[in-house]
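Here is a friendly walk through one protein model. Have the viewer ready as you read.

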Amino acid sequence: MQVIQVKCPKCGNPIYSKQKDTVFYCTTCGTMHIRNGGVQVLDVEIGDFNKNAPQDRVYVPFWRMYSTVVINNVRSEGGGFQKLTSWFREGDNSGNLFIWVPASEMEIERFKNMAMDFTLNPPPYNTRMDFGTVPRLPTVMRQEEAKEMADFVVVTIEAEKPGVLQYLDYTLTVHDAKLIYLPFVSTQQGLVPAF
């Protein structure tokens, strides 16, 4: 078996990592890239911690996808609960939005809640240039997988109670995807946002 040293595609410095991660981060120039049949430099954003955040800090990766959703037809029992269409401009059945998909490993219920919360209520945060000394959770979901999960987020948002979804006809187009690292702190209750 041939072992290949991973180098930064921008500055050429070797990259070392102690954890299994689909994303390679160059601590010298800050470039992040993936290797999936070829080298692809990623568009990345790093959120800053609020100044009162406790010290048990960690960065959690998300795919944020700029998307267009067109709701062609939806039918439910128990009342209209079309959360996405209520988020669009009044009278429209389509709109652009950022769909958030967690990119690290987590329980499905936590995954679903974060995806829905951040899609319906985009998190406000300031950005910074690097991670400093704060660790980051590994990115286990590739960009292509995240685009497929965007459909799951749309359906989940529309299918949440109080109604019972009977029929949903929609079109989803993902225009681009950016990897966002958001600041969290570890607590006894789990990870809590710290932006």
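## Basis of the model

This is a predicted model, in which local features need pLDDT of at least 70 and side-chain atom pairs count only at pLDDT 80 or more, while totals for chains, interfaces and linings use all residues. Residues are numbered from 1 along each chain as its sequence is written, and side-chain values use heavy atoms, with hydrogens and water left out.

Let's begin with the strands (DSSP runs of E, at least two residues, numbered from the N terminus). Strands count as paired if DSSP finds at least two bridges between them. Strand β1 (residues 24-25) runs antiparallel to strand β2 (residues 32-35), joined by two bridges, and Tyr-25 stands opposite Met-32 in β2. Six residues lie between β1 and β2 in their hairpin, where Gly-30 in the turn has a positive phi of about 85°.

β2 also pairs with strand β3 (residues 39-41), antiparallel and over three bridges. Here Ile-34 stands opposite Gln-40 in β3. The hairpin of β2 and β3 has three residues between the strands, and Gly-37 in its turn has a positive phi of about 85°.

On a 1 Å grid over the protein atoms alone, a cavity is a set of points where a 1.4 Å probe fits but cannot get out; lining residues have an atom within 4 Å of a point. Grid points are joined across faces, edges and corners, and a volume is the space filled by probe spheres set on the points.

Gln-143 belongs to helix α3 (residues 143-159), a helix being a DSSP run of H or I with at least four residues. Gln-143 is buried, at a relative accessible area of 11% (buried means under 20%, with a 1.4 Å probe and protein chains only). Beyond neighbours within four places in sequence, Gln-143 is in contact with Gln-40, Leu-42, Trp-63 and Ala-177 (heavy atoms within 4.5 Å).

## Two pockets

A pocket is an open set of points with protein on both sides within 12 Å along at least five of seven lines. The largest pocket has a volume of about 460 Å³. Of its 23 lining residues, Tyr-16, Ser-17, Tyr-25, Thr-27 and Arg-136 lie nearest its centre.

The second largest pocket holds about 160 Å³. Tyr-25, Gly-30 and Met-32 are among its lining residues, and strand β4 (residues 44-47) gives the largest share, three residues.

How values were computed:
Buried < 20%, exposed > 50% of the residue type's maximum accessible area, 1.4 Å probe, protein only.
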